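Please look over the sequence and the 3D structure shown below before reading on.

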Amino acid sequence: MMNLGAKVLMALPLALLLTTNRVLVLPNVVSIPNGPSALAAKEAAWGLDRYAAISQDNGLVPIVEPEILLDGDHGIDRTFDVAQKVWAEVFFYLAQNNVVFEGILLKPSMVTPGAECKDRATPEQVADYTLKLLRRRIPPSVPGIMFLSGGQSEVGATLNLNAMNQAPNLWHVSFSYARALQNTCLKKWGGGPENVKEAQEALLVRAKANSLAQLGKYRGGGVRGSQKGNVCQGICLLGH
C-alpha cells in the first residue's frame with residue numbers, strides 16, 4: 001500500500017507540497033494576461049482537487065489554493081470574470097472527487113485590478129467584488145476563507161480584509177498572508193542579529209493589524225515608516 005507522499009507525487013508530480021500539523025497546502029496558480037484557456041482551468045482544477053481528495057483520504061485537511069496572479073493591466077471586472085470560471089471548475093471537481101466541503105479551507109486571491117491597471121479599486125470595491133464572488137461560487141458549508149495577500153501591499157491587504165469583515169458574509173473570512181505579514185519584518189531584520197528585536201516588533205505590528213482586520217475592527221494603525229501617508233497608494237505590487 002502506497003503512503004501519502006507516493007500517492008501525491010504520482011497524482012501531482014510538479015507540485016510543491018507543504019505539510020504542517022495534519023494540514024496539506026498546494027497552490028494552483030492562474031495568470032490572467034496569459035489566458036487562462038478553458039482546458040488550462042479544467043486541468044489545474046482537476047489536479048488541485050485530486051490532491052484535496054487524497055489529503056482527506058489520509059486524514060489531512062487540504063488547503064485549496066486557487067491563486068489568480070495580479071500581474072497585468074486588466075481591470076477588476078476582468079479579474080472577477082476569470083475567478084468565476086476558475087472557482088466554478090475547482091468546486092465542480094471537488095464534488096466529483098467526493099471531497100467533503102466541511103473538511104477543507106479555501107485560500108483564494110481577493111478580486112482586485114491587475115497590478116498595472118490605472119483604475120485602482122478602493123477597499124470597499126474589493127470587498128464588494130470578492131464577497132459577491134464568494135456568494136456565487138462557494139458553498140456555505142466551507143468553514144473558512146483564508147485569503148492570500150500575494151500582489152498586494154501590506155496595508156492594502158489589511159484594508160481589503162477589514163472591509164470584507166465589515167459586510168455580512170456566511171464564512172469566517174480571515175488571512176493566510178506571507179508578504180503582507182513579513183515584508184517589513186524581513187527588511188528590518190536584513191539578516192543582522194542586532195536587528196532581531198526591531199524585526200520582531202514590526203512583525204507583531206502587522207499581526208495585530210490583520211488580527212483586527214479579520215474582525216472588521218482595523219482602524220488604520222499598524223503603519224510605520226514610509227507606509228504612513230501611503231495607504232491609498234500601491235495597493236497592488238507589480239511582479240508579486
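Two strands are said to pair if DSSP finds at least two bridges between them, and helices (H or I, at least four residues) and strands (E, at least two) are DSSP runs that are numbered from the N terminus. The model discussed here is predicted, and for that reason local features need pLDDT of at least 70 and side-chain atom pairs count only at pLDDT 80 or more, while totals for chains, interfaces and linings use all residues. Residues are numbered from 1 along each chain as its sequence is written, and side-chain values use heavy atoms, with hydrogens and water left out.

**Overall make-up**

The secondary structure of the protein comes to seven helices and six strands, and from the N terminus on these elements follow one another in the order α-β-β-α-β-α-β-α-β-α-β-α-α. Of the 240 residues, 48% count as buried, where buried means under 20% relative accessible area, exposed means over 50%, and partly exposed lies in between, with a 1.4 Å probe and protein chains only. Contact means heavy atoms within 4.5 Å, and among contacts between residues at least 6 apart in sequence, 77% join residues at least 24 apart.

**A strand pair and its crossover**

Strand β5 (residues 144-147) and strand β6 (residues 172-175) pair in the parallel sense over four bridges. Within this pairing, Gly144 stands opposite His172 in β6. Together with helix α5 (residues 154-164), the strands β5 and β6 make a right-handed β-α-β unit; a crossover is right-handed if, with the strands pointing away from the viewer, the path from the first strand over the helix to the second runs clockwise.

In the loop between β6 and α6 lies Ala178, which is partly exposed with a relative accessible area of 40%. Ala178 and Leu148 are 30 residues apart in sequence, and their C-alpha atoms are 7.9 Å apart in space.

**Salt bridges**

Side chains of opposite charge can pair when their charged atoms come close. A salt bridge is a side-chain nitrogen of Lys or Arg within 4 Å of a carboxyl oxygen of Asp or Glu, and a search of the whole structure finds five of them.

| Salt bridge | N to O distance |
|---|---|
| Lys107 and Glu65 | 3.9 Å |
| Glu154 and Arg206 | 3.7 Å |
| Glu198 and Lys188 | 3.5 Å |

The salt bridge of Lys107 with Glu65 links distant parts of the chain, with Lys107 in the loop between β4 (105-106) and α4 (123-137) and Glu65 in strand β3 (residues 61-68), 42 residues apart. Lys107 is buried at a relative accessible area of 14%, and Glu65 is buried at 5%.

In the salt bridge of Glu154 and Arg206, Glu154 lies in helix α5 and Arg206 in helix α7 (residues 196-213), so the pair ties together parts that are 52 residues apart in sequence. Both Glu154 and Arg206 are buried.

For the salt bridge between Glu198 and Lys188, Glu198 is in helix α7 and Lys188 in helix α6 (residues 179-189), 10 residues apart. Glu198 is partly exposed, with a relative accessible area of 39%, and Lys188 is partly exposed as well, with 31%.

**Cysteines**

How many disulfides does a search of the whole structure find? The search finds zero disulfides, a disulfide being a pair of cysteine sulfur atoms within 2.5 Å. Cys117 counts as buried at 10% relative accessibility, and Cys185 counts as buried at 13%.
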